[in-house]
Amino acid sequence: MENNKTAWERLAIVHTKGRPTIRDYIPLIFTNFYEMHGDRHYGDDHAVMGGIARLNGTPVTVIAQVKGRNLNENKECNFAMPLPEGYRKALRLAKQAEKFHRPVICFIDTPGAHAGMEAEERGQGEAIAKNIAEFMTLRTPIISIVLGEAGSGGALALGVCDELAMLENAQYSVVSPRGFASILWKDASREQEACNIMQVTAEDMVRLGVAETIIEEPLGGAHNDLDKISENIKEYLSLKIQEKCQKDIDELLKERYTKFRKIGEFQE
Amino acid sequence: MFNDFFNVVKLRFNGTADDEPAPLFKCPRCQNTSPLNRYEELHRVCPNCNYHGRLSATERIAITVDKDSFQELDADMISCDPINFPDYTEKQEELRESTGLKDAVITGTAYIRGIKTVIGVMDSRYMMASMGSVVGEKITRAFEYANENNLPVIMFTASGGARMQEGIVSLMQMAKTSGAIKLHNDAGGLYITVLTDPTTGGVTASFASLGDIIIAEPKILIGFAGRRVIESTMKQRLPEDFQLAEFMQEKGFVDMIVERKKLRSTLANLLSIHGYSEKEV
């Protein structure tokens with residue numbers, strides 16, 4: 001792994017044109033992928049996709065945020081910023097996975113939940129809150145992987161899991177560095193400075209207890225070798241899914257609760 | 001709003017000492033003035049337009065629970081500095097000094113018309129009641145305590161969202177609190193949220209939205225993304241009433257809007273209807 005890069009340099013890699021998205025990974029990691037659409041309440045959000053597939057023959061449910069590979073694709077998927085119905089689709093598919101005893105694999109790749117009038121009107125806050133609460137007690141294993149950016153509650157809505165892995169250059173943050181600079185310093189142009197002090201890298205996540213694993217990227221970034229990065233992700237998933245599926249589900253839920261329960265620093 | 005304070009002070013100092021005018025309150029919404037003591041008697045509600053001003057956590061507890069029944073939990077918990085954020089420690093020391101608070105939420109047990117409940121109240125004077133480690137931990141413990149003791153929980157929310165100065169650690173408090181609420185919920189416990197001004201960001205996207213019953217005070221702000229963010233990034237003009245309690249009720253996210261003067265009796269009745277009863281104090 002490359003250890004000498006700043007958070008800002010890693011963010012540049014994540015933003016490199018040609019960085020693989022979930023649409024690139026699915027055919028290389030899974031077989032028999034069937035996409036499922038809609039939240040059954042309002043509509044089908046294109047920033048979140050989901051479906052069922054096989055991983056080494058084992059049935060799994062896949063839920064992912066969708067980044068576009070060009071402007072047209074990004075318009076189609078709203079730059080991976082989900083609407084409430086995207087989160088509700090995710091929850092529907094997670095519940096379906098629970099019913100049929102399939103593990104859930106979430107791929108996180110979003111700058112944040114969509115901020116807009118329609119999102120507010122349809123309950124963006126409620127949709128995210130509901131996912132967080134329901135995923136905490138979902139009676140099937142959940143593994144989440146951050147592919148690129150993971151911003152704010154919009155990422156956490158797919159991030160309550162038994163184990164979180166970060167691709168080597170991926171970042172997880174309370175808000176995008178730009179938003180952070182804008183909120184705290186009223187100056188969005190200080191985003192580089194924000195990015196470097198916010199502690200957002202994969203290593204930071206492991207140290208802070210947010211993530212368990214870092215998945216190595218090919219030299220220079222995932223875009224340099226799609227086959228290799230897909231293989232690394234598949235290898236990780238194969239190992240973890242098998243490990244989590246062997247666990248007693250009540251034990252697993254207890255560990256999932258504890259994973260989040262212990263994050264925080266305070267004195268008394 | 002912080003404006004309340006400044007308006008009151010300004011009007012006080014404008015009067016001369018000789019005629020000793022009664023201090024006045026100028027409402028930031030309707031702009032009318034009324035005697036300050038009248039505004040205070042109404043627990044900071046404007047007598048002209050029913051504007052509900054912000055209360056401190058202590059004031060809120062005093063007007064909500066039975067006299068002397070509040071027993072605080074985790075009173076001494078203070079935050080560390082998980083991401084070594086510049087000036088965060090100093091800022092908190094100053095705020096602890098000026099507000100008398102340890103962080104942005106007070107939790108404890110209390111009785112409302114004789115019925116025991118766990119209660120949590122956020123205080124917007126402390127870093128806009130943003131959620132960091134202490135807020136997350138205290139709320140989580142409050143739900144765990146309620147769960148162990150078969151008690152209901154009433155949370156008065158107010159928040160600007162996640163506490164930026166704690167980075168990703170603050171985001172994880174959304175998961176921690178929501179997890180504890182889910183366990184309390186699955187065990188059959190009642191959770192009532194009272195949304196107060198303003199309830200936004202990560203708090204809206206976690207414990208504020210998870211109540212069995214969601215109450216809001218009139219005309220308060222409720223939302224996930226801020227109005228300014230939406231207007232600037234989406235180039236959308238937003239309606240006047242956007243994200244007000246009445247708007248959110250119309251959209252289906254608030255059960256009832258209750259005026260401050262009726263909150264205590266409403267809460268007491270809701271607890272009672274759910275089978276929680278008077279116990280010996």
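In what order do the seven strands of the open sheet in chain B lie?

1. This is a predicted model, in which local features need pLDDT of at least 70, side-chain atom pairs count only at pLDDT 80 or more, and totals for chains, interfaces and linings use all residues. Residues are numbered from 1 along each chain as its sequence is written, chains are lettered from A and ligands numbered from 1 in the order in which they are written, and side-chain values use heavy atoms, with hydrogens and water left out.

2. The order is 3-5-6-7-8-9-10, with mixed pairing. Strands here are DSSP runs of E of at least two residues, and helices are runs of H or I of at least four, numbered from the N terminus. Two strands pair if DSSP finds at least two bridges between them.

3. Strand 3 (71-73) and strand 10 (256-257) of chain B are the edge strands, each pairing on one side only.

4. Strand 8 (residues 191-199) and strand 9 (residues 213-216) of chain B run parallel and are joined by four bridges. Across them, T193(B) stands opposite I214(B), and V194(B) stands opposite I215(B).

5. Strand 9 of chain B also pairs with strand 10 of chain B, in the parallel sense, over two bridges. Here I215(B) stands opposite M256(B).

6. From strand 9 of chain B, I213(B) and I215(B) point one way, and I214(B) and A216(B) the other way.

Methods:
Buried means under 20% relative accessible area, exposed over 50%, partly exposed in between (1.4 Å probe, protein chains only).
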